[in-house]
Number of protein chains: 2
Amino acid sequence: MSAASVSIVEVGPRDGFQPINQFIPTEQKAGLIDLLYDAGIRRMEATAFVSPRAVPQMADAPELLAYCATKPGLDVQVLVPSQRQAERALAADARHLAFVLSVSPKHNQSNVLRTPRESVEDFRAIVALLPEGTRIRLNLATSFDCPFDGPVDPVATLDIIGALAAVSAEAEFCLCDTTGRVTPDKVGDLFQRARRLFPQIRQWAFHGHDTYGLGVANALAAFNAGVAVIDSSFGGLGGCPFAPGATGNVATEDLVWTFGKMGISTGIDLSRLLEAAGSAATLPGACVGGRVRDALTAQARREETA
Amino acid sequence: MSAASVSIVEVGPRDGFQPINQFIPTEQKAGLIDLLYDAGIRRMEATAFVSPRAVPQMADAPELLAYCATKPGLDVQVLVPSQRQAERALAADARHLAFVLSVSPKHNQSNVLRTPRESVEDFRAIVALLPEGTRIRLNLATSFDCPFDGPVDPVATLDIIGALAAVSAEAEFCLCDTTGRVTPDKVGDLFQRARRLFPQIRQWAFHGHDTYGLGVANALAAFNAGVAVIDSSFGGLGGCPFAPGATGNVATEDLVWTFGKMGISTGIDLSRLLEAAGSAATLPGACVGGRVRDALTAQARREETA
């Protein structure tokens, strides 16, 4: 069931920057993207095409997308929550969209003012827009647990997957643990059921948060269930356990360290990645997470004093 | 392979208090033990019989042991690193010893000035001392990884287990990840090999640290490999990632929360345990860890402000 390599999707520039209130200048974002690229990151959710009034941090999406397009071999996906924003992204030459919808009706309503079935129809409309060679991923928020309604029935998630697969099984299906409250057993079970039920879907991904400390454990459970694409955020950006409602992504460096120890290649240079994560930690308003960065810093200090 | 319940061994009063420099008054230790007992903890490594000069924090071992003996149904194990200290513990009416030795020769030398084989002989001498009805556990430090020498060859660990089992297979064998650097795949593999090779050993346990964020993931890997006894420390006491050489135990509340979500009973009341962990966090010099405490605090604040 396991592979000798795993593909990390760095989502820090989108999921990590988005909750930071103070606008990060576009040049500074580009500098951080440089560091990530230099560390070996080759797939990135670099920005989101969303209302600049609702999310001012993402207002520079077209400029950032254009910047990322100059980097050879970088697969840049951009988040879009609606047909209108997908049109904006495609007009800005996006080649890889990530359409987000929630399995939980309440969460989808709160996020995009749609029922899940209405979002499936949005997906159909977006697929119809895609020029030849443009790829699409589906970010299925609250695939396991909802901040409003708690645990999500796996049958509801499988139902939505089925409806989306009927529109296009060519998409990459990313099941997202939005709250960080799912446990590895349920991650493994749902991916196994989904893969069995929908063999026509060939690309699966997992997106998890580390709020309750299970970010890496859940990523490994997904990997062991045959999922070879995992989202993460450098420095564990994406929230703060002390801030109401905010929850951090699993840290890219925690995944790279763990997979490395397991002999599973990520193609990412840990020490250069740690430089990028260190820079992320200095962003005003950033709340970083993860454990490996602190542990390796402590280890380096020990070696200096030994 | 899995069970519907797991036995948590609370090691905070020993492994957690030991690295705290400032002496915690015995009454305060007893008060924290009360909170743990009231939360449902029924097995505890409550103290260590070690040289009071070397480890002043453990100087009140006999008093604490006597105090714990007054609590109905509490299984109290005390750490002993040598025959002499085992004699002291037995003289103080200890009914459950935990003998510690390291698989790594360098670590064992540093800890107890013995080769691993000399420690096996110490174990033989201690077993010969045990009165009827007294139980013994083996804490095999550096079963996976050594702070001095890095990864430990599983064959070396299996060799020592075999030598110890030849002395007594009645002991509980606890494989300890001393550095926090082992990954879940290796935890599962080693327990599976050990259980297959030594069917005469009926009691296995796992002790892990959360330094690199894998404390819960490794505990789950042990559990999934058939290990139903897991060590942990309330508040994640046991070290600080910013202090040279110190590494924290996996937090009891992280395990209780995770196992609870998985429908696996620990017999422990999470909210009362969180009170105990909150008290631990106020100990002068304590470095706490874990994630669930912060996450649930943030959640409670959200609900208050909602």
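Start with the largest nonpolar core, which has 184 residues; select Val78(A), Phe99(A), Ile230(A), Val78(B), Phe99(B) and Ile230(B), the members that touch the most other members. A nonpolar core is a set of buried Ala, Val, Leu, Ile, Met, Phe, Trp, Tyr and Cys residues joined through C-beta atoms within 7 Å. Buried means that 20 or more other C-beta atoms lie within 10 Å of the residue's own, exposed means 12 or fewer, and partly exposed is in between, with C-beta atoms placed from the backbone.

The model is predicted: local features need pLDDT of at least 70, side-chain atom pairs count only at pLDDT 80 or more, and totals for chains, interfaces and linings use all residues. Residues are numbered from 1 along each chain as its sequence is written, while chains are lettered from A and ligands numbered from 1 in the order in which they are written.

Stay on Val78(A). Leaving out residues up to four places away in sequence, Val78(A) touches Ala46(A), Thr47(A), Ala48(A), Phe49(A), Ala61(A), Leu65(A), Ala89(A), Ala94(A), Leu97(A) and Ala98(A). Contact here means C-beta atoms, placed from the backbone, within 7 Å.

Next, select residues 26-38 and 61-68 of chain A, which are helix 2 and helix 3; their axes come within 10 Å and cross at roughly 35°. Helices (H or I, at least four residues) and strands (E, at least two) are DSSP runs, numbered from the N terminus. Axes are lines fitted to C-alpha atoms, for helices over the stretch in contact, and angles run from 0 to 180 degrees between N-to-C directions. On the helix 2 side of chain A, Thr26(A), Lys29(A), Ala30(A) and Ile33(A) meet Glu63(A), Leu64(A), Tyr67(A) and Cys68(A) of helix 3.

Move to chain B and select Val229(B), in strand 10 (residues 229-232). Val229(B) is buried, with 20 other C-beta atoms within 10 Å. Beyond four places in sequence, its contacts are Ser7(B), Val9(B), Glu172(B), Gln203(B), Trp204(B) and Ala205(B). Select Cys174(B) too: Val229(B) and Cys174(B) are 55 residues apart in sequence, and their C-alpha atoms are 8.6 Å apart.

Asp93(A) lies between helix 4 (83-91) and strand 4 (96-102) of chain A, and has a positive phi near 70°. Asp93(A) counts as exposed, because it has 12 C-beta neighbours inside 10 Å. Thr142(B) sits in the loop between strand 5 (135-141) and strand 6 (145-146) of chain B, with a positive phi of about 50°. Thr142(B) counts as buried, because it has 27 C-beta neighbours inside 10 Å.

Conventions
Two residues are in contact if their C-beta atoms, placed from the backbone, lie within 7 Å.
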